[in-house]
Amino acid sequence: MSKYYPLINKNSEFDAVILCDGDYPSAEIPLHILRKANFICCCDGAGNKYIRRGKIPNAIVGDGDSMSKNFKRKYKDIIHIETEQDTNDQTKATRFCINKGFKNIAYLGATGKREDHTLGNIGHLTNYRKEFNIKAVMLTDYGYFVSAQGNCRFASFKGQQVSFFNIDCSKFESKGTKWKTHAYKYWWQGTLNEALDDEFEIKSDGSFLVFRTYLSKQDSLGRRHL
């Protein structure tokens, strides 16, 4: 049976939101999801940004290298320091949320700034699905990434811009996209495809990432697809 991935919009609900220390969200959909979040966990320095905007998160998780001593003292009740350096603050925050029982997690602010951090954050989505068995969605100001495996169906709309990033597939076939797909050897090969209708399908034998935009190509200068 194919797994189904719905569209992400302002009505999408998550158990928790992890706010990373990349570019702070500025688009309507990620900001709305942040505002209505039931539980907000900030990654290290993202806690400073969030608090400067007049909000207090439920938790701040990380190695503490982006927080001043005064900040740590003031917010000691919500700060959780993890000093191990085998993984990044995004993953530390993910483990913290999982220990709280959260399985459906949105990631905001995970892109922007240093490109190596951006690639690392996106790449972790596959590990989170495989190792932690959670539903992880990474939202940017333009669209959102999900990790998937095997045969899947994705909600879409005509003209939605879609990109595929092969992880370990030797078979990768799509139905409902403008351009035919295959088991891409390089990440760039699966970018800049387009949905033809309200759903597209992928038949594969491995793991892959999918990026879907909020806007259709035609509406990219107009309002967001909500």
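Is Glu84 buried, partly exposed or exposed, and at what relative accessibility? Glu84 counts as partly exposed, because its relative accessibility is 27%. The cut-offs are under 20% relative accessible area for buried, over 50% for exposed, and partly exposed in between, with a 1.4 Å probe and protein chains only.

Before I go on, the conventions. This is a predicted model, where local features need pLDDT of at least 70 and side-chain atom pairs count only at pLDDT 80 or more, while totals for chains, interfaces and linings use all residues. Residues are numbered from 1 along each chain as its sequence is written, and side-chain values use heavy atoms, with hydrogens and water left out.

Now the overall picture. The protein chain has 5 helices and 14 strands; these are DSSP runs, H or I of at least four residues for helices and E of at least two for strands, numbered from the N terminus. The C-alpha trace spans about 55 × 40 × 30 Å along its principal axes. For 226 residues a compact globule would have a radius of gyration near 17 Å, and the chain's 18 Å agrees with that. That radius is taken over C-alpha atoms, and the globule rule is 2.2 Å times the number of residues to the power 0.38. Of the 226 residues, 51% count as buried.

Next, helix α1, residues 28-35. Its buried residues are Ile29, Pro30, Ile33 and Leu34. They sit on the same side of α1, because they cover an arc of only 135 degrees around the axis, the arc being that of the directions from the helix axis to the C-beta atoms. What do they pack against? Their partners are β2 (16-19), β3 (40-43), α2 (46-52), β6 (104-108), β7 (135-139) and β14 (207-216), with contact meaning heavy atoms within 4.5 Å.

Back to Glu84 and the charged pairs. The structure holds 10 salt bridges, each a side-chain nitrogen of Lys or Arg within 4 Å of a carboxyl oxygen of Asp or Glu. Glu84 forms one with Arg95, and the closest N and O atoms are 2.6 Å apart. Glu84 lies in the loop between β5 (79-81) and α4 (89-99) and Arg95 in helix α4, so the pair ties together parts 11 residues apart in sequence. Arg95 is also partly exposed, at 28%.

Asp168 bridges to Lys130, with closest N and O atoms 3.4 Å apart. Asp168 is in the loop between β10 (160-166) and β11 (172-175) and Lys130 in helix α5 (residues 115-132), so this pair joins parts 38 residues apart. Arg153 and Glu199 form another salt bridge, at 3.1 Å. Here strand β9 (residues 152-155) holds Arg153 and strand β13 (residues 199-204) holds Glu199, 46 residues apart. Asp21, Lys49 and Lys113 are linked in a salt-bridge network.

Last, the rings. There are 15 aromatic pairs in the whole structure. Rings of Phe, Tyr and Trp (its six-membered ring) pair if their centres lie within 6.5 Å; planes under 30 degrees apart are stacked, over 60 edge-to-face, and the rest tilted. Phe145 and Phe165 are tilted, at 6.2 Å centre to centre and 45 degrees between planes. Phe172 and Phe208 are edge-to-face, at 5.0 Å and 80 degrees. Phe172 lies in strand β11 and Phe208 in strand β14, so that pair ties together parts 36 residues apart. Phe172 is buried at 3%, and Phe208 is buried at 0%.
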